[in-house]
Amino acid sequence: MSSETKQRDAFSSTLAALMVSLGSAVGLGNIWKFPYMTGTGGGGAFLVLYLFFVFMVAVPIMISEFVIGRRSRMNAVGAFRKLDNDPRSPWAGIGFMGALAAYLIMFFYSCVAGWVYYYTFKAATGVFAGITADKAGAMFGSAIGAGTAGGSFFSAAVLSPIFWQVLVLCVIGAIISLGVSSGIERAIRIMMPILFILLIICAIRALTLPGAAEGLRFLFHVDFSQITPSVTLAAMGLAFFKLSLGMGTMITYGSYFTADSDLSTAPLKIAIADICVSMLAGLAIFPTVFSFGVEPGAGPGLLFITIPLVFSQMPLGQVLLFAFFLLTSFAANGAMLSLVEVPTVWMSEEFNMPRKKAAILNCVIIAVVGVLAAGSADSSSFFGGIKVMGRGFFDLFDFISSNICLPLGGLFIALYAGYKMKKEDFRDELTNHGRLHNEGKVVLIRFLLRYVTPLLVLIIFLNSVGVLKF
Ligand code: PHE
């Protein structure tokens with residue numbers, strides 16, 4: 001998108017801006033990643049850490065991204081060049097690292113979205129009726145191509161997850177090329193509330209299952225002995241991933257915000273709404289885990305095993321299950337559009353490429369490298385035996401993006417807003433040129449951005465890589 005188009009594309013109102021930013025934040029992160037990471041991270045302790053990072057790290061960084069975006073009205077690379085009045089500003093590197101993070105996330109995200117599409121299709125055929133926990137586990141294994149190591153690459157078991165992933169990318173490529181983003185936004189605005197309601201229904205059913213209380217205990221009982229440096233890093237990485245931070249998405253969206261939106265409060269609203277969606281997913285999943293004897297630390301399959309089980313216990317369960325996965329795929333699409341947008345804008349501006357061509361090229365790159373993620377979701381998958389830095393490709397893409405690129409990007413964004421940007425400019429943008437009378441908030445936000453947020457990110461980061469020990 002060229003910078004002129006962007007000016008025209010500004011959001012129509014503060015509410016629209018909030019909804020679209022929420023459309024990027026809410027996605028597989030809430031419904032798939034949050035529950036399984038809480039499960040493997042030990043429950044309540046992980047939740048406490050996650051909430052701490054959302055408010056102390058993610059919210060100040062989102063404010064910074066919005067300020068940088070709206071002040072410059074540019075994409076993530078151009079924004080720094082414009083604000084610095086320097087076409088060679090080194091801070092533009094944040095935008096380039098963001099494009100790299102977007103690719104890494106898309107490699108595995110499109111794969112998980114492929115599983116969601118597959119489950120939507122399967123739910124339509126009614127195969128989940130009366131399913132048992134063992135059967136649900138086995139179905140997930142076959143959906144992701146587990147147990148295919150050592151076999152032929154050209155077998156249905158290996159190619160099936162790849163087929164669904166490619167289908168996801170065709171849909172995303174088509175939407176971006178058709179340029180129907182406003183249609184999608186409207187669709188998301190209708191569908192998000194329906195997804196919310198379905199999650200509520202799901203949570204209520206899960207909470208009334210026998211043994212549900214154990215699930216609540218797991219989610220809310222805080223046992224600090226579970227907290228290790230790697231769990232802490234994972235909770236911080238999730239806060240970045242969840243709120244689409246540290247890679248320029250929110251800089252781009254900030255550039256579309258209307259001049260009268262209050263940027264000092266919008267991120268808090270987005271974060272709280274996003275937490276509500278994640279908590280609903282947690283309330284739907286953990287009681288079910290304990291009621292059916294599923295392992296809470298089951299990993300990436302948790303959603304795909306528990307949700308068919310909850311719905312199998314409900315009247316009209318098969319219809320609701322289909323609706324649930326369909327809406328989850330819409331939420332995933334909304335997040336993926338904002339992800340593919342980052343390298344697409346960068347390519348089209350940097351190499352003067354037509355937007356459509358850039359979008360298609362990006363989807364092709366993601367599909368080709370993404371095969372490595374689709375083939376390594378489980379250690380018994382086709383590429384599952386190949387380890388880089390002790391991880392299979394699927395986990396590696398996730399680890400490098402969430403735990404390295406996003407926190408580093410976020411650290412530099414906080415430093416930019418706290419130290420490099422002129423204090424008056426920062427104040428001017430957050431107070432809407434003095435019209436908002438929120439000086440107290442501005443002082444607090446700037447304090448966090450100078451002395452708290454960057455230090456926290458740095459300490460957690462250095463601690464997890466072993467440089468700093470405590
Ligand atoms: N926030 C999205 C989710 O939770 C993922 C995402 C990350 C989207 C980074 C854009 C940028 O699913």
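How many positive and how many negative side chains does the chain have, and how far apart do the centres of the two sets lie? Keep that in mind as you work through the exercises below.

This is a predicted model, in which local features need pLDDT of at least 70 and side-chain atom pairs count only at pLDDT 80 or more, while totals for chains, interfaces and linings use all residues. Residues are numbered from 1 along each chain as its sequence is written, and side-chain values use heavy atoms, with hydrogens and water left out.

**Exercise 1. Count the charges.**

Task: Find the numbers of positive and negative side chains and the distance between the centres of the two sets.

Solution: 
- Step 1: Lys and Arg count as positive, Asp and Glu as negative, and His and the chain ends are not counted.
- Step 2: Each charge is placed at NZ of Lys, CZ of Arg, CG of Asp or CD of Glu.
- Step 3: The chain has 31 positive and 24 negative side chains. The centres of the two sets lie 2 Å apart.

**Exercise 2. Describe the whole chain.**

Task: Work out which secondary structure the chain has and whether its radius of gyration agrees or disagrees with that of a compact globule.

Solution: 
- Step 1: Helices (H or I, at least four residues) and strands (E, at least two) are DSSP runs, numbered from the N terminus. The chain has 19 helices and zero strands.
- Step 2: The radius of gyration is taken over C-alpha atoms, and the globule rule is 2.2 Å times the number of residues to the power 0.38. For 470 residues this rule gives a value near 23 Å, and the chain agrees with it at 21 Å.
- Step 3: The C-alpha trace spans about 60 × 50 × 45 Å along its principal axes.
- Step 4: A residue is buried under 20% relative accessible area, exposed over 50% and partly exposed in between (1.4 Å probe, protein chains only). Of the 470 residues, 59% count as buried.
- Step 5: Contact means heavy atoms within 4.5 Å. Among contacts with a separation of 6 or more, 80% come from residues 24 or more positions apart.

**Exercise 3. Classify aromatic pairs.**

Task: Describe the pair of Trp91 and Phe412 and the pair of Tyr119 and Phe325.

Solution: 
- Step 1: Rings of Phe, Tyr and Trp (its six-membered ring) pair if their centres lie within 6.5 Å; planes under 30 degrees apart are stacked, over 60 edge-to-face and the rest tilted. The whole structure holds 39 aromatic pairs.
- Step 2: Trp91 and Phe412 are edge-to-face, at 6.5 Å centre to centre and 75° between the planes. Trp91 is in the loop between H5 and H6 and Phe412 in helix H17 (residues 393–420), 321 residues apart. Phe412 is partly exposed, with a relative accessible area of 35%.
- Step 3: Tyr119 and Phe325 are tilted, at 5.3 Å centre to centre and 55° between the planes. Tyr119 lies in helix H6 and Phe325 in helix H15 (residues 317–350), so this pair ties together parts 206 residues apart in sequence. Both Tyr119 and Phe325 are buried.

**Exercise 4. Trace contacts.**

Task: Find which residues Ser401 and Gln313 are in contact with, leaving aside neighbours within four places in sequence.

Solution: 
- Step 1: Ser401 is in helix H17 and is buried, with a relative accessible area of 0%. The contacts of Ser401 beyond its neighbours within four places are Ala101, Leu104, Ile105, Phe108, Leu406 and Pro407.
- Step 2: Gln313 is in the loop between helix H14 (302–312) and H15, and is partly exposed at 36% relative accessibility. Beyond its neighbours within four places, Gln313 is in contact with Arg205, Leu209 and Phe292.
- Step 3: Gln313 and Arg205 are 108 residues apart along the chain, while their C-alpha atoms are separated by 8.1 Å.
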